[in-house]
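Subject: Structure for you to look at

Hello,

Here is the structure I said I would pass on. Please open it first and keep it beside you as you read my notes below.

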Amino acid sequence: MTIDEAREQIKRLEDYIEMVEGYVPETFEQHAIKLYVLHEHVARVAKMLNELGFRIGKRKVIGTDVSDILRDKPIDELHELAVKLFKQNKKIVKGRV
């Protein structure tokens, strides 16, 4: 790796950190997206959303609800990142079987 490549990688990481830290979720979906980018685990995100008091109708949030959000057409840049991570994680899990 050259110094210029290292600087470019550092810049990409700084941009990533800025995007995630600056993202202010306003909706249920946005909360799910941000939590998924931070934790990359559907069931853990569902549990956190329940702890924050979110419900779908009268029932608790489940992993499938989070997965459905991640399968939807991206609504913003962070959602695009979440979809990318979700697809990568699905490939990794599928490869273990």
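Let me begin with one residue on the outside. Lys84 has a relative accessible area of 52%, and the cut-off for exposed is over 50%, so Lys84 counts as exposed. Lys84 is part of helix 5. Between the C-alpha atoms of Lys84 and Glu14 there are 18 Å, and the two residues are 70 places apart along the chain.

Please keep in mind that this is a predicted model.

The chain as a whole

The chain has five helices and two strands. Read from the N terminus, the order of these elements is α-α-α-β-β-α-α. Along the principal axes, the C-alpha atoms fill a box of roughly 55 × 35 × 25 Å. The chain has 97 residues, and 32% of them are buried. If you take the contacts between residues at least 6 apart in sequence, 41% of these join residues at least 24 apart.

Which residues of helix 3 are buried? They are Val42, Val45, Ala46, Leu49 and Asn50. These residues lie on the same side of helix 3, because the arc they cover around the axis is only 140°. The general rule behind such a pattern is that an α-helix has 3.6 residues a turn, so residues three or four places apart point the same way. On the face of helix 3 turned away from the buried side you will find the exposed residues Lys47 and Glu51.

Two of the buried residues can be taken one by one. Val45 is in helix 3, and its relative accessibility is 0%, which is why Val45 counts as buried. Leaving out residues up to four places away in sequence, Val45 touches Ala32, Leu35, Tyr36 and Val66. Asp76 is 31 residues from Val45 in sequence, and the C-alpha atoms of the two are 19 Å apart.

Ala46 also belongs to helix 3. With a relative accessible area of 3%, Ala46 is buried. Under the rule that leaves out residues up to four places away in sequence, Ala46 touches Val61, Ile62, Gly63 and Val66. For Ala46 and Gly63 the C-alpha distance is 5.4 Å, although they are 17 residues apart in sequence.

How helix 3 meets helix 4

Helix 3 covers residues 42-51 and helix 4 covers residues 63-71; they pack with their axes 8 Å apart, at an angle of about 110°. Angles from 65 to 115 degrees count as roughly perpendicular, and therefore this term applies to helix 3 and helix 4. From helix 3, the contact is made by Val42, Val45, Ala46 and Leu49; from helix 4, by Gly63, Val66, Ser67 and Leu70. Of the residues in this contact, six are nonpolar, two are polar and none is charged.

Either end of helix 3

Glu40 sits in the loop between helix 2 and helix 3. As a general rule, most residues other than glycine have a negative phi. Glu40 counts as partly exposed because its relative accessibility is 35%. After helix 3 comes Gly53, which also has a positive phi, near 95°.

Aromatic pairs

How many aromatic pairs does the structure hold? There are two. Phe28 and Phe54 make a tilted pair, with 5.5 Å from centre to centre and 55° between the planes. This pair links distant parts of the chain, since Phe28 is in helix 2 (residues 28-39) and Phe54 is in the loop between helix 3 and strand 1 (55-56), 26 residues apart. Phe28 has 17% relative accessibility; buried means under 20%, so Phe28 counts as buried.

Tyr36 and Phe86 make an edge-to-face pair, at 6.0 Å from centre to centre and 75° between the planes. Here too distant parts of the chain are linked: Tyr36 is in helix 2 and Phe86 in helix 5 (residues 77-96), 50 residues apart. Tyr36 counts as buried because its relative accessibility is 1%. Phe86, at 7%, counts as buried as well. Tyr36 is also among the residues that Val45 touches.

Regards

Key. Residues are numbered from 1 along each chain as its sequence is written. This is a predicted model: local features need pLDDT of at least 70, side-chain atom pairs count only at pLDDT 80 or more; totals for chains, interfaces and linings use all residues. Side-chain values use heavy atoms; hydrogens and water are left out. Axes are lines fitted to C-alpha atoms, for helices over the stretch in contact, and angles run from 0 to 180 degrees between N-to-C directions. Helices (H or I, at least four residues) and strands (E, at least two) are DSSP runs, numbered from the N terminus. Angles under 35 degrees count as roughly parallel, over 145 as roughly antiparallel, 65 to 115 as roughly perpendicular and the rest as oblique. Contact means heavy atoms within 4.5 Å. Ala, Val, Leu, Ile, Met, Phe, Trp, Tyr, Cys and Pro count as nonpolar, Asp, Glu, Lys and Arg as charged, and the others, Gly among them, as polar. Buried means under 20% relative accessible area, exposed over 50%, partly exposed in between (1.4 Å probe, protein chains only). The arc is that of the directions from the helix axis to the C-beta atoms. Rings of Phe, Tyr and Trp (its six-membered ring) pair if their centres lie within 6.5 Å; planes under 30 degrees apart count as stacked, over 60 as edge-to-face and the rest as tilted.
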